[in-house]
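I opened this model to look up its sheet, its cores and its ligand site. My notes follow the order in which I looked.

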Amino acid sequence: MTPKTKRIAINTGGGDAPGLNAVINSAVYAARNLGWEIFGIREGYDGLLDPQNYPDGGLVRLHRSTVRNISHLGGTILGTTNRGNPFKLRTVQPDGSVREVDRSKEVIRAFRKNRLDALIAVGGDGSLTIASQLLDLGLRVVGVPKTIDNDLDATTLSFGFDSAVSFATECIDRLHTTAQAHRRIIVVEVMGRHAGWIALHSGIAGRADAILIPEIPYDLNRVAAHTKWKTAGPRAYAIVVAAEGATPVGGEVIVRSRAGGVERLGGIGEVVAQRLQQLTGKESRAVVLGHLLRGGTPTAADRLLGLTFGAAAVRALAEGLNGVMVALHPPHVRYVPMKQAIARMKCVPLDGDGVITARALGITFGD
Ligand code: F6P
């Protein structure tokens, strides 16, 4: 792309993450500082495909004044969806049945019709996969990684993760006192899909007794033995952090639903709590943090990362780059090929500092 780029669009897709509004804020400021026009697409690509559903327009012009006071806010002012894949849009047919319809070419046509030169796609692996397919259809795209799960290999960190870990840690701190008062085992279920980053980091920071992560299959007999030993002493209570995607040795991940073609994990907390109660004889409770981890104010670190990524995405377009994703490689932001970036998931390394620290502190993984 040449510096004469004048009109660009930005959208947010997939589950929200604290820091999205910071990305939008800085992308708008950076674009306006170059004299470019920037537009926000409502709810992924839906604003382009079905603008009639949006009273104030599916494509909204963004000004500095529109975004001045949003970077400290959670959510996304553009809205988001994880059911808006334009290549497979679930559409209700006249007979009431649901069919997947490919409307991707309509997205490309809408870009042309609105004289949009490029897209900044802010999303996780699902949304960035869609963006890279639109790239194949000729759209100019720069991606910005977004996920509280921190599971994209190409970037050291994604925004939203720090906010999720900070909140989970605060919750674990609170659960210590009530668990202690009742001499209970409390199992705290956290999000993270098939990666254990949130569980590991909040579990260590909150000094859990056991942490169950997808990367290390667990044996509940071992977890029970460990918590029994812990609760036999003067402490008399235990905290177990369970990632929603953790699996028992030889077992399966617990899927809550597959409605709408979207796999939702969850339910491990209750299962583990009940089993630990049977195995240890200690009263046990489960607490599911779920979407609380995605809501609320982004931490300063997530705001900074979001602001950095938004500006870097505009810089990539100004430098003529296409098909790249912004990635943090401390102390720098780099541009990595988008297709490469979405190909690899970042799991917790078993020989990494996190796991080593947890083991040194006496935290069990139940392996
Ligand atoms: O990927 C982010 C994430 O929050 C996961 O940790 C979680 O499994 C999933 O999204 C839940 O998505 P939703 O409930 O929005 O469909």
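**Conventions.** I am working with a predicted model, where local features need pLDDT of at least 70, side-chain atom pairs count only at pLDDT 80 or more, and totals for chains, interfaces and linings use all residues. Residues are numbered from 1 along each chain as its sequence is written, and side-chain values use heavy atoms, with hydrogens and water left out. Helices (H or I, at least four residues) and strands (E, at least two) are DSSP runs, numbered from the N terminus.

**Sheet.** I looked up an open sheet of 4 strands, in the order S9-S10-S8-S13, with parallel pairing. Two strands pair if DSSP finds at least two bridges between them. Strand S9 (210-212) and strand S13 (284-288) are the edges, each pairing on one side only. From one strand to the next, the twist averages 20 degrees.

Next I checked the pairs. Strand S8 (residues 185-190) runs parallel to strand S10 (residues 238-243) over 6 bridges. Ile186 has Ile239 as its bridge partner in S10, and Val187 has Val240. S9 and S10 are also parallel, over 3 bridges. There, Ala210 stands opposite Val240.

Then I asked how S10 is covered. I found 6 of its 6 residues buried, where buried means under 20% relative accessible area (1.4 Å probe, protein chains only), exposed over 50%, and partly exposed in between. Side chains in a regular strand alternate between the two faces of the sheet. In S10 both faces are covered: Ala238, Val240 and Ala242 lie on one side, and Ile239, Val241 and Ala243 on the other.

Helix H9 (residues 268-280) lies across S8, S9, S10 and S13, at about 160 degrees to S8. These angles run from 0 to 180 degrees between N-to-C directions, with axes as lines fitted to C-alpha atoms, for helices over the stretch in contact. Contact means heavy atoms within 4.5 Å.

**Cores.** Which residues touch the most other members of the largest nonpolar core? I got Ile120 and Ile239, out of 68 residues. A nonpolar core is a set of buried Ala, Val, Leu, Ile, Met, Phe, Trp, Tyr and Cys residues joined through side-chain atoms within 4.5 Å. H6 gives the largest share, 8 residues. Another core, of 30 residues, lies apart from it and includes Leu49 and Met338.

Beyond four places in sequence, Ile239 has contacts including Ile172, Leu175, Ile186 and Ala210. Ile120 sits in strand S6 (residues 118-123). I count Ile120 as buried because its relative accessibility is 0%. Its contacts beyond four places include Ile8, Val142, Val144 and Leu317.

**Ligand.** Among the residues around the ligand are Asn82, Asp149, Glu244, Arg264, His291 and Arg294, where near means a heavy atom within 4 Å. For Asp149 the distance is 2.7 Å. For Glu244 it is 2.5 Å. For Arg294 it is 2.9 Å.

**A loop residue.** Arg103 lies in the loop between strand S5 (98-101) and helix H4 (104-113). Is Arg103 buried or exposed? At 14% relative accessibility, Arg103 counts as buried. Outside four places in sequence, Arg103 contacts Leu49, Asp50, Pro86 and Leu89.

Methods
Polar contact = N/O pair within 3.5 Å; in protein donor to acceptor, adjacent residues only side chain to side chain.
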